[in-house]
Amino acid sequence: MFGYQPVWRNDEQATISEMNLKEEKEIMLQERLKPFEETLDPADWESMRKLGHRMVDDMLTYLQNVRSEPSGIPTQKTIEDICVPLSQDGEGEEKVYEVFQRSILPYSWPVTKPWFWGFVVGSGSPYGMFAEMLRAGMNGCQEALFAEAAVHKQVISWIKGMIDFPEEAGGVLVSGGSEANFTGLAVARNSKAEVEVKTEGVQGLRRRMTLYCSDETHHCLERSVELLGLGNEALRWIPTDNDCRINLDALRKAIEDDRKKNNHPFCIIGCAGTVNSGAFDDLNALADLAERENMWFHVDAAFGGWVKISNTHKHLADGMERADSLAIDLHKWMCMPYSIGCTLVKDRLAHYSTFVYGHEAKYLESALDLLDDQLNNPHNLALALSRNFTSLKAYMLLRAYGKNKYSNLVQQNIDQINYLSELIRREPDLEITAPVVSNVVCFRYKPKGMTEPEIEKLNKIIYDQLTQISFAMITDTTIKGKYMLRACNVNHRSQKQDFEFLVNEVKKIGGQIAKY
Ligand SMILES: Cc1ncc(COP(=O)(O)O)c(C=O)c1O
């Protein structure tokens, strides 16, 4: 798609005979095209304009009143309204919009609600919504040419600046944390492999390549390792200490053991914010070890990396800037509309040569042959060729609000989690079950005199009822074999009373169940 540059030529440059031919062809084409006037543009632009304005107004009203807007689990009637046979002639734009209003929006996952703290899910924003609309309007599908290229490049530069990642690194926007990690690990594998993986594949490897991460690492890393052909057995899950951080002695020993077995330890993965409890590995220690062992250092900073812009918690991610590759999301803590993540890689040539089309890579004589544009071209730095012009929303949001706004939001989320933790600590029947380090708190209802299995059962019911009756959205997890409830706060709409509501609901539901 982007392998050539078109050469434009003036009509004056065409010869007479060429012009005659052209005219004849055009007449024939016109004749043939006459009956075909089908298009996706509206027949009546005015009514489309009205519908569009209504959609914008409705959605803004929804977001403005998001606290009171109805929200629920889809009913049978709703599902029947959605799952219909495809009509032959279409039902019309207005009618389909009514389906959205009636059966989709009110029964969608309530991620825009102020009391949504499940998984790690960003809450979007009105201006982000508009940016998405503009992108779709221009049908932005590439980020290598024209203004789009400058926008993508600028966003990567801003991200590096915000999180103090070295300016010389390159980067690419991708669909989210999973793809960002995959992209980083692909470069790690190709750079460290003892054969030319690009041509021989992993089939040419004579030694097993092994990677190391903590047992609190997100499972998307395992998927990446599988898809990279390394086999999930190559990923060594290292135990964590009581703070849910990778145990460095166990890590050193695992690397040593692999060396003794003539395996090839090639990559250490650090967590900047584990999904379960928001814990941070000692990234400087991991960087030191990786350096000493001549290994690649990859950091999954999908949501936690943004502590770098907080006032009080930046130190948690110290050492992150030493990563060879880094995965960070913008749809989580930055609340940008889904989906948008980012991979940063220090060795730009390694990044480029991992993803550039195989046959093109053969002609790479040296880094000097490459123009900066090629190294910045996102089509050479990730899996997708056609790309959603995803950098537009990041560009517009970052430029509109500036770094301070995002710093304040990240700080606010951390402070709110500290407030929630305090509320939990004050309740005799509640207990905190993992260290509270950043924007995640794990806890459970634990009335006196109950056995561990009873507590687990009770909390599972609380979890179900919370999401079904109160719609306070938290998730559950298991750390070191213990079942617990978990609130992860990347929500810019949450307020003090929402955390009080959560604690009261947990107490209320727990108290009612514990009685029986
Ligand atoms: C630490 C961490 N890494 C990676 C991911 C995967 O990111 P995504 O859902 O954007 O693919 C998540 C998702 O929650 C995560 O928390």
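In this predicted model, strands β10 and β11 (residues 482-488) run antiparallel and are joined by 5 bridges. Within this pair, I479 stands opposite K482 in β11.

The two strands belong to an open sheet of 4 strands, paired antiparallel in the order β8-β9-β11-β10. β8 and β10 are the edge strands; each has a single partner, so one side of each is left without a neighbour in the sheet. Ignoring direction, neighbouring strands are turned against each other by 45° on average. Helix α15 packs on this sheet, where it touches β8, β9 and β11. The direction of α15 makes about 20° with that of β9.

The elements discussed here have these residue ranges:

| Element | Residues |
|---|---|
| Strand β8 | 430-432 |
| Strand β9 | 440-445 |
| Strand β10 | 475-479 |
| Strand β11 | 482-488 |
| Helix α15 | 391-426 |
| Helix α17 | 496-515 |

Helix α15 also meets helix α17: their axes come within 10 Å and cross at roughly 35°. The crossing of α15 past α17 is right-handed. On the α15 side, the contact is made by Q416, Y419, L420, L423 and I424, and on the α17 side by K496, F499, E500 and V503. By class, the residues of this contact are 6 nonpolar, 1 polar and 2 charged.

Turning to the ligand, 14 residues surround it, and the closest are G176, G177, S178, H218 and A302. The shell around the ligand consists of 6 nonpolar, 6 polar and 2 charged residues.

Note on methods: Residues numbered from 1 in each chain as written. Predicted model: local features only at pLDDT ≥ 70, side-chain atom pairs only at ≥ 80, totals over all residues. Near = placed C-beta within 6 Å. Nonpolar A, V, L, I, M, F, W, Y, C, P; charged D, E, K, R; others polar. Axes fitted to C-alpha atoms, helices over the stretch in contact; angles between N-to-C directions. Left-handed = near helix turned anticlockwise from the far one by under 90°. Contact = placed C-beta atoms within 7 Å. Pairing = 2+ DSSP bridges.
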